[in-house]
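Subject: Structure for your review

Dear colleague,

Please find below the structure that I am handing over to you. My findings follow directly after it, and I would be grateful if you read them with the structure open.

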Amino acid sequence: LTTIKSQCRAVLRTTSPSTQVREFDENSFWDWGQMRRSDNPSITSVTIRNETATLGQIFDFAFRKGYVNFPKLRFREIKISLDQVGRRDVFSDKEYSKLINFFKTFTSKSYNKNEEQLIERMKVRDYILILSNTLLRTGELRQLRWGDILGFSKDMDDTGQEITLVNIRIRKEISKTRIGRDIWVRGGEYIKRLKEYSKHTNPENLLFTNRDGTYQLGTRELYKYWYELMENIGIHNHKERKLSYYSLRHYGITYKMKQGTPIADIAYIARTSVTHIEQHYLVRPENSRHFLW
């Protein structure tokens with residue numbers, strides 16, 4: 001919803017807000033790419049293409065409702081090279097390791113003003129660890145309920161270290177692709193720890209809630225702490241690099257590929273296509289064979 005709102009604001013910046021829908025024709029947004037670059041020179045071709053998809057859906061709705069008399073919009077072809085498609089600025093292993101090490105300070109009692117702030121920071125810590133281990137999308141994790149945690153299992157990783165796997169059900173209504181899936185993934189110890197200090201753990205409760213358990217842990221709170229974390233580990237250009245909570249999913253996928261995990265397995269866990277992973281996650285061979293967390 002936030003993305004669609006942002007795209008609609010872009011339309012209002014590139015056309016007169018007083019324009020009536022009936023004044024448009026099928027070629028009104030033919031040069032959408034040029035219109036958007038005049039508004040924002042740094043915009044990418046991928047973003048422009050995504051915006052044309054939204055525009056197309058809006059005017060498809062308008063045609064079905066009889067607001068316009070043409071069935072679809074026409075756009076100039078948008079060419080996107082593979083290097084544009086594949087750009088994903090993720091954490092380096094060193095940066096991720098610094099983040100994990102800083103958690104000891106971040107969640108210490110001496111670093112926090114009170115118990116409420118400490119619990120919030122603990123939630124942010126475990127939110128980050130669960131995202132990077134499970135490859136869930138942020139929207140999927142934020143809508144996950146305790147009833148979606150189906151079980152745990154002990155296992156050994158490639159280095160002989162004992163790990164806790166967790167069986168998670170991602171309901172189709174919270175999945176971006178609207179296709180449900182059950183997955184076994186790493187990170188079970190963090191979900192167990194989260195349950196120990198969470199006050200709302202009934203099956204219908206969200207894993208990550210606000211203070212009174214009535215809604216999701218807020219975006220404002222999440223990013224307040226995110227900026228604090230990035231500054232404390234020395235990533236002062238995190239906004240320019242567009243590092244966000246979603247980058248943790250990218251990091252997890254990239255690291256699994258470096259481990260040699262079959263792409264088909266990664267695609268199923270992450271609920272994306274093999275082609276998408278091949279195009280978006282370019283991995284240089286490295287000798288490291290274990291996760292850093």
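Thr177 lies in the loop that links strand 2 (162-170) and strand 3 (181-185). Please bear in mind that this is a predicted model. With a relative accessibility of 33%, Thr177 counts as partly exposed, because that class covers the values between under 20%, which is buried, and over 50%, which is exposed. Which residues does Thr177 touch, if those up to four places away in sequence are not counted? They are Arg137 and Arg271. Arg271 is 94 residues from Thr177 in sequence, yet their C-alpha atoms are 7.6 Å apart in space.

Asp126 belongs to helix 6 (residues 115-134). Its relative accessibility is 0%, so Asp126 counts as buried. Apart from neighbours within four places in sequence, Asp126 is in contact with Tyr190, Arg193, Leu194, Tyr197 and Phe208.

I also examined helix 10, which comprises residues 246-259. At 1.5 Å a residue, its 14 residues should span 20 Å, and the end C-alpha atoms are 21 Å apart, which agrees. Of these 14 residues, 13 are buried, so helix 10 is largely enclosed by the rest of the structure. Just after helix 10 comes Gly260, which takes a positive phi of about 95°.

How do helix 10 and helix 11 (residues 263-270) lie relative to each other? Their axes come within 10 Å and cross at roughly 160°. Angles over 145 degrees count as roughly antiparallel, and the two helices are therefore roughly antiparallel to each other. The crossing of helix 10 with helix 11 is right-handed. On the helix 10 side, the residues that meet helix 11 are Arg249, Ile253, Lys256 and Met257; their partners in helix 11 are Ile263, Ile266 and Ala270.

Finally, some figures for the protein as a whole. It has twelve helices and three strands, and its C-alpha trace spans about 65 × 45 × 35 Å along the principal axes. Of its 293 residues, 45% count as buried. Among the contacts with a separation of 6 or more, 62% are between residues 24 or more positions apart.

Yours sincerely,
A colleague

Methods
Residues numbered from 1 in each chain as written. Predicted model: local features only at pLDDT ≥ 70, side-chain atom pairs only at ≥ 80, totals over all residues. Heavy atoms only, no water. Helix = DSSP H or I, 4+ residues; strand = E, 2+ residues; numbered from the N terminus. Expected span 1.5 Å × (residues − 1). Buried < 20%, exposed > 50% of the residue type's maximum accessible area, 1.4 Å probe, protein only. Axes fitted to C-alpha atoms, helices over the stretch in contact; angles between N-to-C directions. Parallel < 35°, antiparallel > 145°, perpendicular 65-115°, else oblique. Left-handed = near helix turned anticlockwise from the far one by under 90°. Contact = heavy atoms within 4.5 Å.
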